[in-house]
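User: Could you walk me through this chain and its ligand? I have a few quick questions.

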Amino acid sequence: MSNIYPCRPIAYLRSPYAQRIDAPHQPTVVQGTETGDVAQARVEFVDDLPGEAFADLAGFERIWLIFAFDRSQGWKAQVKPPRGGPKRGVLATRSPHRPNPLGLSAVELVAVEARALVVRGVDLLDGTPVLDIKPYVPYADAFAQSRAGWIDEIDASQGRHSAPGPKRPRKAKAGPGH
Ligand SMILES: C[S@@+](CC[C@H](N)C(=O)[O-])C[C@H]1O[C@@H](n2cnc3c(N)ncnc32)[C@H](O)[C@@H]1O
């Protein structure tokens, strides 16, 4: 039996972030989250994906994007997290350099268009291939009180939430959908 699992993009993301330094570390630290002034992005479906496949998404406030880190090259077993501290096992981090270059982000669904989704709060580069989309379902996906290992330890030692903010502040408000 093969241990290769074929995947192909079902969509491509159009985002305001051309380079890694522009992209936020996670959707929850996207610039403007507190004021609601968050850049929009578009998930544009490939031509041969039937429209029925993304029917019924409109009622969901958030969706999961499962995507390929297509601009990552190679990976190491341990990485130095941007929030500081010692190196950590790559699978205990959200590093874009992983044994399989897969990422997932829960983004806000703003609108469903004919062959695209308008979303907000993305941490992905423009052109990122989207491999799958799933609805974000709070009863299944939200565990707000869960322990977060070494991240909790750093937060406790610093006396604050250590999530890194945007590396380079966004200059213009303009982006897809604006
Ligand atoms: C820390 S990862 C987190 C991504 C996702 N939320 C996750 O947890 O899997 C976010 C960073 O990945 C990098 N990135 C975004 N899109 C990428 C792509 N298509 N290829 C390679 N790196 C990418 C950017 O530097 C961005 O700041």
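Predicted model: local features only at pLDDT ≥ 70, side-chain atom pairs only at ≥ 80, totals over all residues.

Analyst: Residues are numbered from 1 along each chain as its sequence is written, and side-chain values use heavy atoms, with hydrogens and water left out.

User: In what order do the elements of the chain run from the N terminus on?

Analyst: Going by DSSP runs (helices are H or I, at least four residues; strands are E, at least two), the chain has 2 helices and 8 strands. From the N terminus on, that reads β-β-β-β-β-β-β-β-α-α.

User: What share of the 178 residues of the chain counts as buried?

Analyst: Buried here means under 20% relative accessible area, with a 1.4 Å probe and protein chains only. Of the 178 residues, the share is 36%.

User: Which side chain has an N or O atom 2.9 Å from a nitrogen atom of the ligand, besides that of Ser105?

Analyst: Polar contacts here pair N or O atoms within 3.5 Å. Pro24 uses a backbone N or O atom, 2.8 Å from a ligand oxygen. Ser105 has a side-chain N or O atom 2.9 Å from a ligand nitrogen.

User: Which element gives the largest share of the shell around the ligand?

Analyst: The elements giving two or more residues to that shell are β3 (62-68) and β6 (102-112). The largest share, 3 residues, comes from β6.

Note on methods. Polar contact = N/O pair within 3.5 Å; in protein donor to acceptor, adjacent residues only side chain to side chain. Buried < 20%, exposed > 50% of the residue type's maximum accessible area, 1.4 Å probe, protein only.
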